[in-house]
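User: I am new to this structure. Please show me how to read its features, step by step.

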Amino acid sequence: MLSITRPKTAMIQHSPILVILLILSCCCIGDVRSQQQLGVATIGNNNNAAADVVRNEYYEYNAPGAQRYRRQRQAGPFGGVIPGLVITILSSTLQWYNEGRAVRDAKMLAYAKRKVVELDSISPIDPENDGKLVHVTGHVTTDGGLVDPKFGLFRPNALQLTSTTEAYQWKEKRNERKTRVSETETKVVVEYRYIKEWTKRPIESNRFQSPGHNNPYPKYGLGRDTMTVNDARISNGLRLRPDLVNQIGTTSFRVNGISDRPHHHCTSPVILGSGEDLPHTDDAVISSNKLYFPENKRPSELIDLDHGSQQLDRILSTRIAIVRSMPSPEVGDIRVSWLEVTAPSDGVSILAQQQDGKLVPWSHGDEGHNVYSLFPGRFTAQTMILELIGKSKFVTRLLRFGGWVGSFIGLNLVLSCIPALLKLVPFGIGNILEPLAYIATSTIALGASFGLSLAVISVAWLRFRPLLAAGLAFLSGAGFLGPLYYARWKRSPEVEEMDAKLRAPMNMKE
């Protein structure tokens, strides 16, 4: 179905004086724009369905030179100076903080390597180790498991349970295209497309451009919810807080050869099976390990069984119905899926502080930096500390690079005023000078940002690593001045004779 509506336009008569004033005001202000509606097109699947595509076309009229004047007024040739200075200062501050953080992490991990206490996974808890950094390996267990409070799913061996609730809804996508027709006229085409898809957040259909795409309010809260056990224990009885248990299912990069072997991945989708882990409900069905809540159909309408009606009623009264393949979803349907994290089969390795029968973060000197790590698998304390050192170095290099990039962008913005000023040169010369100036200022910003980053890091090393900075300064000075002294001390006789001949006239004059 294609329908086009053209609104009627009213003719307004102006006196010549008003027309002249209107033109002058448009030229001076540059922001006055008028729109003429060209047409609205709606495309649907059939005569009774809402339009899936709505296209709106109109023209925008601008005063001559208004767009260029508006850009200059908004930014101006010096518009990038202040943002560039702010970015440069923030980048230098980041580099300064990064060097301090790297030194604190290095000192803390070096101290941890010397002071860590090895615990036996089967020995009872020793109160003498309270307040100390301990390393323990073993299996993680839980007594109660987890229950989803919203849908009642029970998983006896889960350490972490994540539920994802989605709704099948209409979604509006907006696409705008502008075509310059003339100096004062721009054609604008705005297209709204409506699609149906599973989403994790409610979509308000009352804000849609086209009516007829109504999303019912979801009967359950949408999104992702995560639950973690609070009674997890290691083999020797030490209790694990939920934030430490969460590290079992967290994907973490490795830098020193500690690889995630296949059996270390403990996150898997929950297999609902026949639905015995779910409480009975008569308005839901199970299909492909997901729980579906149809909006307009009963579960009995979706089940395809070769049984009589009495046996079907008995099945629906004792457990949730299972559907082999769901039909096409309808707007308003809800589905729920779960992911669970179970204990690794070969145990875990933990570095943390023992305190009153539980494991808590350990710190040395600085409260903002601590050791509190869990790795799936069995690793020694030295291996885990080397991994933490490698991660700290990786973050240090990453922030150094990010600080340099920020300095380059900031200095480039500061110097952007030069090409902008050269562009104002008349007779078309500015259009030639502008790109050349951009190349020159970008090259200057590249070199200046590199030098600025080195200067900030050097000064930070004088603050946080004075001995190392002094040694590097000595080596740097030796690298610059050493060749000069070496050339003076090891001059050949020919060079000495030539030097004497050059000095002879000066001595005679004296």
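Predicted model: local features only at pLDDT ≥ 70, side-chain atom pairs only at ≥ 80, totals over all residues.

User: What about contacts across the sequence?

Analyst: Take the contacts with a separation of 6 or more. Residues 24 or more positions apart account for 73% of them. Asp52 and Trp170 are 118 residues apart in sequence, and their C-alpha atoms are 10.0 Å apart. Asp52 belongs to strand 3, residues 51-62.

User: Is Asp52 buried or exposed?

Analyst: Asp52 has a relative accessible area of 16%. The cut-off for buried is under 20%. Asp52 therefore counts as buried.

User: How do I read two packed helices?

Analyst: Two packed helices are described by the angle between their axes and the distance between the axes. The crossing is right-handed.

User: Which residues make the contact?

Analyst: Helix 3 contributes residues including Thr88, Gln95, Trp96, Glu99 and Arg104. From helix 9 come, among them, Leu452, Ile457, Trp461, Arg463 and Phe464. By class, the contact of these helices has nine nonpolar, five polar and three charged residues.

User: Now strands. Which way do side chains point?

Analyst: In a regular strand the side chains alternate between the two faces of the sheet. See strand 21, residues 373-376. Ser373 and Phe375 point one way, while Leu374 and Pro376 point the other way. All of these are buried.

User: What does strand 21 pair with?

Analyst: Strand 21 pairs with strand 17, residues 348-355, in the antiparallel sense. Four bridges link them. In one of these, Pro376 is the bridge partner of Val348.

User: Where can I see a hairpin?

Analyst: Look at strand 13 (285-287) and strand 14 (290-293). They run antiparallel and are joined by three bridges. Val285 stands opposite Tyr292 of strand 14. The hairpin has two residues between the strands. Strand 14 is also joined to strand 16, residues 334-341, by three bridges, again antiparallel. There, Leu291 stands opposite Val336 of strand 16.

User: How should I read the backbone angle phi?

Analyst: Most residues other than glycine have a negative phi, and most peptide bonds are trans. Positive values are worth a look. In the hairpin of strand 13 and strand 14, Ser288 takes a positive phi near 55 degrees. Asn289 has a positive phi near 60 degrees. Asn289 sits in the loop between these two strands.

User: How exposed is Asn289?

Analyst: The relative accessible area of Asn289 is 31%. Buried means under 20% and exposed means over 50%. Asn289 lies in between, so it is partly exposed.

User: Where is Phe427, and what is its phi?

Analyst: Phe427 lies in the loop between helix 8 (417-422) and helix 9. Its phi is positive, about 65 degrees, although Phe427 is not a glycine. Relative accessibility is 80% for Phe427, so this residue counts as exposed.

Note on methods: Residues numbered from 1 in each chain as written. Heavy atoms only, no water. Left-handed = near helix turned anticlockwise from the far one by under 90°. Contact = heavy atoms within 4.5 Å. Nonpolar A, V, L, I, M, F, W, Y, C, P; charged D, E, K, R; others polar. Buried < 20%, exposed > 50% of the residue type's maximum accessible area, 1.4 Å probe, protein only. Pairing = 2+ DSSP bridges.
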